[in-house]
Amino acid sequence: MTDEANRHALCGSWALVSFELRMPNGDLVYPYGREATGYLFYNEQGFMSAAFMGSERVAPQSADLADTAKNVNYDQFNAYCGRFDVHGDRIVHHVEVASLPQWCGLDQERIFKIDGDRLILETPPLAINAQAPTGYLVWERVGSRALPRRWPSSTAACGFPARA
């Protein structure tokens, strides 16, 4: 496919199926747990947005944002957005806004493959401690079939207590 055809095929909404880190020694690590949830969006104007969170985020004791900021579960949420380009089997996310400050202004390259309604993204080796794992994310196109909800239908899914 041409870069333009690949770009068009990426456009839409994708739900996270799995996120694993593949360690150099062959071990698999699930940094957001085995039931991580999230969404990835690409649009025709060339913008993307990704957000995902762990299934075991600790709910704050109150809905007060000042209290919540003290216990933010930093390692259980990641989001970034910006423009994107496609070059062959690689997509480059030009990060403009990110929950990880060190990503702002950087390019995040991914190898991608679309297999039916599945999108597979693979990262180059990541700088995590002294290790260099490869991220492997599987996404499914939203609307391709009824996706099972893996979280309660309340604000508790975002780490906040449900409203009475």
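Mentor: A charge sits over a ring if NZ of Lys or CZ of Arg is within 6 Å of the ring centre and within 35 degrees of the ring normal. Our model is predicted, so local features need pLDDT of at least 70 and side-chain atom pairs 80 or more, while totals for chains, interfaces and linings use all residues. Residues count from 1 along each chain as its sequence is written, and side-chain values use heavy atoms, without hydrogens and water.

Trainee: Which ring does R22 lie over?

Mentor: Look at the face of the ring, where R22 lies 3.5 Å from the centre. The ring belongs to Y136.

Trainee: How many aromatic pairs does the structure hold?

Mentor: Rings of Phe, Tyr and Trp (its six-membered ring) pair if their centres lie within 6.5 Å; planes under 30 degrees apart are stacked, over 60 edge-to-face, the rest tilted. The total for this structure is six.

Trainee: How many residues apart in sequence are the parts that Y42 and F84 tie together?

Mentor: Y42 and F84 pair edge-to-face, at 4.8 Å and 70 degrees. Y42 is in strand β3 (37-42) and F84 in strand β5 (77-87), where strands are DSSP E runs of at least two residues. The pair therefore joins parts whose separation in residues is 42.

Trainee: Are Y80 and W103 buried or exposed?

Mentor: Y80 and W103 form an edge-to-face pair, 5.1 Å between centres and 75 degrees between planes. Y80 lies in strand β5 and W103 in the loop between β6 and β7. With buried meaning under 20% relative accessible area, both Y80 and W103 are buried.

Notes. Helix = DSSP H or I, 4+ residues; strand = E, 2+ residues; numbered from the N terminus. Buried < 20%, exposed > 50% of the residue type's maximum accessible area, 1.4 Å probe, protein only.
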